[in-house]
Amino acid sequence: MNRYPMYGPTPAVTRLARYTGSEFDEIRGDVPDPFEVQGSGLVWRPTREHFGVRLGERLVAHAGYVPVPLAVGDARIRAAGIGSVIVAPDQRGRGLARSVVAAAVEHGRGRGLEYGLLFCRPDRVPVYERLGWRLLEGDVQIEQPGGPIVMPLRSMWLPIKEGVVWPSGPMRLLSLPM
């Protein structure tokens, strides 16, 4: 059943061979800071794999994936880092974010990872919670060029292997955030 009948079928997600600055500009339109993080001073790790939705020749949605190393308590794990999630303003409400994020997560699952990890602004937490993501409580340290800092954004995780639970203890992302 199509959940978005007024728009027709939800378009298919494809793995993108590349994701360029001009494609990002094509999605964001005239929104200068769609992630609302330019003033944060954070340095970001680029995602490695890219998943998108096209309408005709136009790219209208994107999610990136990169495996990331984590220390959580005494555990050392790798997670599917999901980042650069964006949907064109005129295409929101169609389930496109759900589709591209699911494709990126599935890619991580196919690589044997058990967890998904993302960072988002507090106002976007409900969007990801509707997609099954869970809020991580407490401070999360991340790497930055000057050394580790506390991530100012909200941190969320997703079990991508059945039955996994998040390890207990303080968390540190052992790389730049994605």
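1. Going from the N terminus, the elements run β-α-β-β-β-α-β-α-β-β-β-β-β. That gives 3 helices and 10 strands, where both are DSSP runs numbered from the N terminus (helices are H or I with at least four residues, strands are E with at least two).

2. A word on what you're looking at: this is a predicted model, with local features needing pLDDT of at least 70 and side-chain atom pairs counting only at pLDDT 80 or more, while totals for chains, interfaces and linings use all residues. Residues are numbered from 1 along each chain as its sequence is written, and side-chain values use heavy atoms, leaving out hydrogens and water.

3. On overall size, the C-alpha atoms fill a box of roughly 50 × 35 × 30 Å along the principal axes. Of the 178 residues, 47% count as buried (under 20% relative accessible area, with a 1.4 Å probe and protein chains only).

4. Contacts here mean heavy atoms within 4.5 Å. Among those with a separation of 6 or more, 71% are between residues 24 or more positions apart.

5. Have a look at isoleucine 27, which sits in helix H1 (residues 21-28). Isoleucine 27 is buried, with a relative accessible area of 0%. Leaving aside residues up to four places away in sequence, its contacts include Tyr19, Leu59, His62, Ile86 and Pro89.

Key:
Buried < 20%, exposed > 50% of the residue type's maximum accessible area, 1.4 Å probe, protein only.
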